[in-house]
Amino acid sequence: MPADIPVPAAPATPDVRPPHPRFAVGVLAFCGVVVAVMQTIVVPLLPHIPELTGATPAAASWLVTVTLLTGAVFTPVLGRVGDMYGKRRVLVASLAVLVVGSVLCAVSSHIGVLITGRALQGAAIAVVPLGISILRDELPPERVLSAVALMSSTLGIGAAIGLPVAALVVENFDWHTMFWVSGLIGLIDIVLVLRCVPESPLRSRGRFDAVGALGLTVALVCLLLAVTQGADWGWGSVRTVGLLATAVVVALLWGAYELRVATPMVDLRVSARPAVLLTNVAALLIGFAFYANSLVTAQMVQEPKATGYGLGASLVVSGLCLLPGGVAMVALSPVSARISAKHGPKVSLALAAGVIAVGYGVRYFTSHSLWLIIAGATVVASGTAIAYSALPALVMRGVPAGETGAANGLNTLMRSIGQAFCSATVAAVLANITFRAGGRTAPTLHAYQLVFVIAAGAALAALAVTLFLPGGRPAGAGTVEESRKAPDTRKEGVRTAELQEGA
C-alpha cells in the first residue's frame, strides 16, 4: 500500500465496564428498605380503614395479614426461581409486582382491591434474599460480609422507617398518597437495578419443582391463617384446629415428596444440617423477639395518661419512637460484619441475642419515660441489626452457592413465621390482661411487661440455640469461586434420574 494513502482508524470499542460494586450494594439496599417499608406502612392507617372504606375491622386487618401470607409463600419460591433462572431477573419482576400492588391501592378505596394490592406488595419481600444472593455472587470475598449485613438489616430498617413515615402521611395528606409514592419509588428501583446491578452468572440446574412449591404454599397458608386469625376465630374452633391439622399433614406429605425428587423446592437434606437447621430456628426466635418491639412501642406510648403509664402521645410521635432504632441498624450493620469477619457469625448472633434480651430488660423497668422507652427500643433494634446481619452469613456458610437464593429465602421465611407467632401472642396478652381506665378498656402495665418478658425469653432461647451451632464450614458448603470451578452435582443428579427413567 502506498505510504501517502491514509489508513482508516479502527472503530472505537465502547467502554462496557460492569457497574462498580458499591453502586450495586447501595441500589439493592435501597430496594430492600422500600419493600420492608411496605410491610408496615398501613399499620397507622388500620384504625381509620373502616371509616374510609366502609369495611369491617376484621376485613381491615387483612391489609396486614395478607402481606404476611404472600411474603411467606413467595420468598422461598422466588428465591428458588432466582437460583434457576436468574436472580436479577426475578428481583426486577418482584419490584414490578410491588409497583402494580401500589397502584391498585392508590386508585381504589374498595377493601377487596386494597387487599389484592397489599398481597402483591407482600410478595415483593423476596427482593431481600435475592439481593443477598446477588451480592454473594458478584462481590469480592472481602466485601461480601459487610454488604450482606446491610442488605439483611434492611428488613428491620424498613420496619422502623415505615411507621413514622406512614403516620406523617396519614395525618397530613390523603392516605392514597403513600401508595402513589411507593409505586413511584418502585419504578425508580427497577431502573436503578437494570442500570447498576449485574445479573449473576450462577445457575442451579434442573426442573422447577411445581408440586413442591404448591405443597409448601398450602402448608404455609394453613399455618399462618390459623396463627394470625386464631384469636378472632377461637383457638379451639373448628376452623383453627382444622387449619393447623391440615398444615401438619400437608407438611409431612410435602417433606416426603421433597426427599424423593431430583431438584426439590427445598433441599431438606441440606436444610437438616445442624449449621442450617439451627440457624433457621434462631431466625424464627429472633423474628419473634424483634417484632414485639415494633408491635407494642407505638401502642404503649399512645395509651392515655389515665392508665397510669400511658403518655398520650400522638400517632406521629409514637412512630418516631422507632426511628432511632432504624438509624442504629444502619450504623451497626458494618460493625456486625466486622465482628463476623474477626470472630465468626456465630459470635455475632450470640451477642445479638444477648443485646436483645438486655433491651427488653430495659423496657421492663422504664415504661413511664418517653426517652427511656426510646432507649430500650433502640437497644432491641441494635441487637436485631447484628442478628439480621449474622443470619445470612451463617446460611451461606452452610449451603452451596447455587442454592443461596432458596436458602436465604427459607431463612427470611422463618423470620416471618416468628413474627406471625409474635403478633398472635402479643394480641392475646394485650386483649386478655386489661382494666378500665378513663372510661375505656386498656391493657394493664403488667400486660406490656409480660410481652417484654416473653420477647426476652425468645431472645435467650435464640442465644441457647446459637451456642449449639457448629463453628466451622460444613461439608458441602463452598465459596462462590469454588462453586464456579466445581461440577454442578444437581445437574448430574437430574441427568442420572432422566437416564434411569429412560431405561
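Is L184 buried or exposed? L184 is exposed, with a relative accessible area of 51%; exposed means over 50%, buried under 20%, and partly exposed in between, with a 1.4 Å probe and protein chains only.

1. Basis of the note. The model is a predicted one, in which local features need pLDDT of at least 70 and side-chain atom pairs count only at pLDDT 80 or more, while totals for chains, interfaces and linings use all residues. Residues are numbered from 1 along each chain as its sequence is written, and side-chain values use heavy atoms, with hydrogens and water left out.

2. Overall make-up. The protein has 20 helices and two strands. These elements are DSSP runs numbered from the N terminus: helices are H or I with at least four residues, strands are E with at least two. Of its 503 residues, 54% count as buried. The accessible surface comes to about 20,900 Å², and 69% of that belongs to carbon and sulfur atoms; areas come from the Shrake-Rupley method with a 1.4 Å probe, and for residues only the protein chains shown count as cover. Among contacts with a separation of 6 or more, 81% are between residues 24 or more positions apart, a contact being heavy atoms within 4.5 Å.

3. The largest nonpolar core. This core has 123 residues, and L95 and L349 touch the most other members. Helix α12 (residues 274–302) gives the largest share, 11 residues. A nonpolar core here is a set of buried Ala, Val, Leu, Ile, Met, Phe, Trp, Tyr and Cys residues joined through side-chain atoms within 4.5 Å. Leaving aside neighbours within four places in sequence, L349 is in contact with A282, I286, A387, A390, L391, L394, T466 and L469. In soluble globular proteins, nonpolar side chains tend to be buried together.

4. N293. Helix α12 also holds N293. At 3% relative accessibility, N293 counts as buried. Not counting residues up to four places away in sequence, N293 touches L322, Y360, R363, A377, V380 and A381.

5. A nonpolar patch on the surface. F30, L184, L187 and I188 make up this patch, with about 360 Å² of accessible area together. Three residues, the largest share of the patch, come from helix α8 (residues 177–196), and L184 lies in that helix. Patches are made of residues with over 30% relative accessible area and no salt bridge; like charges are joined within 9 Å, and nonpolar side chains (Val, Leu, Ile, Met, Phe, Trp, Tyr) within 5 Å.

6. Salt bridges. The count comes to two salt bridges, where a side-chain nitrogen of Lys or Arg must lie within 4 Å of a carboxyl oxygen of Asp or Glu. In one of them, the side chains of D83 and K87 meet at 3.9 Å, N to O. D83 is buried, with a relative accessible area of 0%, and K87 counts as buried at 1%. Side chains of opposite charge can pair when their charged atoms come close.

7. The D137 link. D137 and K87 also meet through their side chains in a salt bridge, at 2.9 Å from N to O. This pair links distant parts of the chain, with D137 in helix α6 (residues 127–138) and K87 in helix α4 (residues 87–107), 50 residues apart. D137 counts as buried at 2% relative accessibility. Through shared partners, the salt bridges join D83, K87 and D137 into one network.

8. M265. This residue is found in the loop between α10 (238–258) and α11 (268–271). M265 is buried, with a relative accessible area of 2%. Its C-alpha atom is separated by 6.1 Å from that of A213, 52 residues apart along the chain. Not counting residues up to four places away in sequence, M265 touches P76, V77, R80, F208, D209, G212, A213, L216 and E258.

9. The two strands. Strand β1 (residues 434–437) and strand β2 (residues 440–443) pair in the antiparallel sense over four bridges; two strands pair if DSSP finds at least two bridges between them. The bridge partner of R436 is T441 in β2, and F435 stands opposite A442 in β2. β1 and β2 form a hairpin with two residues between them, and G438 in the turn has a positive phi of about 60°.
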